[in-house]
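Trainee: I have a new structure open and a list of things to ask. Can we go through it together?
Mentor: Go ahead.

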Amino acid sequence: MSSDTHHPIECILPPHVLDAIKKHGTADQKERARRTLELSATLRSNREAQPFRPVQSLVATATTAIYTANHGTTLPGTVVRTNTGKKSSDVAVNEAWTGLKATLKLYGDKFDRNSVDGAGMPLIGTVHFDQDYDNAYWNGEQMVFGDGDGTLFNRFTIAIDIMGHELTHGVTQHSGGMDYQGQAGALNESMSDVFGSMVKQYHASPRTKAADADWLIGAGLLAPGVKGVALRSMKAPGTAYDDPTLGKDPQPADMAHYVKTTQDNGGVHINSGIPNRAFYLAAVGFGGYAWAKAGPVWYQALIDPTRPSSNSFADFAQLTVTKAHGLYGADGAGIVADAWQQVGVATKVPA
Amino acid sequence: MKVTLTQSGGFAPLPPALATVAVDSADLEPADAAHLAGLVDAAHLDTRPRVSAAPPGAADYRTSTLTVTDRRTVVVEVTELDADPAFRELVAEVKRLARTRAPKTGHEPEGGDHDVV
């Protein structure tokens with residue numbers, strides 16, 4: 001089911017309609033209605049317990065739930081933690097929960113965005129998906145995390161930026177989308193790494209400035225014995241791992257090394273290294289915290305309604321330069337243009 | 001019957017040795033060959049769409065391309081978002097059979113198995 005039909009049902013229909021669906025709908029509709037009523041009850045409970053809260057605090061307590069697939073493949077599985085529930089004894093549940101909340105907090109505090117759709121969409125994550133499952137994904141409606149095989153990968157909730165990464169796919173989806181193919185797909189992946197890394201830096205105590213951050217995606221995910229530090233390095237793409245079994249990190253750091261491939265939807269997880277490094281360079285170029293100046297530039301470009309979902313690196317780069325000019329003037333635009341120039345993407349700074 | 005499985009995509013990279021694997025019934029024990037043939041039949045590859053489309057906005061999912069050559073060749077491409085139990089079981093069996101014939105890599109746990117999907 002597409003998000004276009006899913007979210008209006010979950011967010012707008014009143015409880016009596018949902019009750020009717022629960023009684024008379026198809027099995028799939030009944031299940032969706034049950035989940036929605038459950039989540040809505042949690043949200044109402046929170047609101048009643050807190051008669052008045054500033055908008056940003058409400059954002060931080062948006063309705064969320066973590067499920068377990070119990071090593072099966074049925075989604076969402078069994079609910080194991082909600083806003084009204086206590087901390088779990090299951091580390092993966094708590095990590096997914098913390099990552100989800102930290103992501104909501106960054107978007108709420110710094111980008112004035114309420115959940116991934118900007119309208120308080122209830123969020124779901126499922127842990128313990130399948131057996132020895134070496135992946136995490138966003139299916140258009142929710143996050144899914146495997147436990148890893150323990151040989152190459154640890155559990156996929158181990159790094160907080162992974163939850164930020166997956167939820168940001170939802171943000172991109174609800175911001176005009178980015179086609180999951182070629183350069184647009186690599187930008188889609190890069191947006192998730194950019195905001196996933198900012199979630200990690202914002203959640204850290206003390207918060208981490210751009211110059212001091214590790215800019216690693218998935219630190220801790222590689223199992224003991226695997227030669228590497230993470231899945232990707234935004235600061236130095238292509239250096240995250242080099243292992244006899246896993247191979248060498250294939251990410252290019254600039255356009256001169258752009259990888260043409262038909263695999264992975266045209267290398268969306270490979271060529272994302274180029275815009276990833278551009279963001280790193282811009283964030284360090286501005287100085288301070290990444291979410292203070294570089295983050296808003298990238299975010300404004302992402303949500304710009306004129307941005308085509310098929311945007312190329314050059315399209316998106318130019319949009320960020322234009323946004324930086326609007327936000328910070330010629331100096332800001334120059335910092336962003338220089339970042340893209342260093343990765344081999346030319347832009348024009350507005351006069 | 002020869003079955004080739006190519007997988008790509010995913011938040012995490014696929015080990016190159018597991019990205020494409022192939023098994024040939026002629027090289028299998030008769031029981032394994034019969035089991036594989038049964039799984040191919042149960043997956044109804046003939047009646048599937050040749051390419052399955054992911055839902056809008058979905059990301060980081062893996063895609064499996066199965067090429068089955070018997071008297072003729074059938075190729076299907078299925079994302080894990082669309083994979084039903086019969087298809088998942090076939091993919092898992094192809095990988096299991098391929099692993100039993102693959103050289104050791106140094107990262108195998110006791111027993112030697114790890115699944116990617």
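Trainee: How many salt bridges does the rule find across the interface of chain A and chain B?
Mentor: The rule finds 1 salt bridge across that interface. A salt bridge here is a side-chain nitrogen of Lys or Arg within 4 Å of a carboxyl oxygen of Asp or Glu. Before we go on: this is a predicted model, where local features need pLDDT of at least 70 and side-chain atom pairs count only at pLDDT 80 or more, while totals for chains, interfaces and linings use all residues. Residues are numbered from 1 along each chain as its sequence is written, chains are lettered from A and ligands numbered from 1 in the order in which they are written, and side-chain values use heavy atoms, with hydrogens and water left out.

Trainee: Which residue forms a salt bridge with A:Asp130?
Mentor: B:Arg88 does, and the closest N and O atoms are 3.8 Å apart.

Trainee: Why would two side chains pair like that?
Mentor: Side chains of opposite charge can pair when their charged atoms come close.

Trainee: What does B:Phe11 touch?
Mentor: Leaving aside neighbours within four places in sequence, B:Phe11 is in contact with residues including A:Asn135, A:Phe156, A:Ile217, A:His269 and B:Asp60. B:Phe11 sits in the loop between β1 (2-9) and α1 (16-19) of chain B. Helices (H or I, at least four residues) and strands (E, at least two) are DSSP runs, numbered from the N terminus.

Trainee: Is B:Phe11 buried or exposed?
Mentor: B:Phe11 counts as buried because its relative accessibility is 1%. Buried means under 20% relative accessible area, exposed over 50%, and partly exposed in between (1.4 Å probe, protein chains only).

Trainee: And how far apart are B:Phe11 and B:Arg88 in space?
Mentor: They are 19 Å apart, C-alpha to C-alpha, and 77 residues apart in sequence.

Trainee: Changing topic. How many salt bridges are there over all chains?
Mentor: The search of the whole structure finds 10. One of them joins the side chains of B:Asp46 and B:Arg72, at 2.6 Å from N to O. This pair links distant parts of the chain, 26 residues apart: B:Asp46 is in the loop between α2 (30-43) and β3 (62-69), and B:Arg72 is in the loop between β3 and β4 (73-79) of chain B.

Trainee: What does B:Arg48 pair with?
Mentor: B:Arg48 forms a salt bridge with B:Asp84, and their closest N and O atoms are 2.5 Å apart. That pair also links distant parts of the chain, 36 residues apart. B:Arg48 counts as buried at 16% relative accessibility, whereas B:Asp84 counts as partly exposed at 26%.

Trainee: Which residues are linked in a network of salt bridges?
Mentor: B:Asp32, B:Glu93 and B:Arg96 are. The side chains of B:Glu93 and B:Arg96 meet at 2.9 Å, N to O. These two are 3 residues apart in helix α3 of chain B, so about one helical turn separates them.

Trainee: Which element gives the most to the lining of the largest cavity?
Mentor: α5(A) does, with 3 residues. The residues lining the largest cavity include A:Thr103, A:Leu104 and A:Tyr107.

How values were computed: On a 1 Å grid over the protein atoms alone, a cavity is a set of points where a 1.4 Å probe fits but cannot get out, and a pocket is an open set with protein on both sides within 12 Å along at least five of seven lines; lining residues have an atom within 4 Å of a point. Contact means heavy atoms within 4.5 Å.
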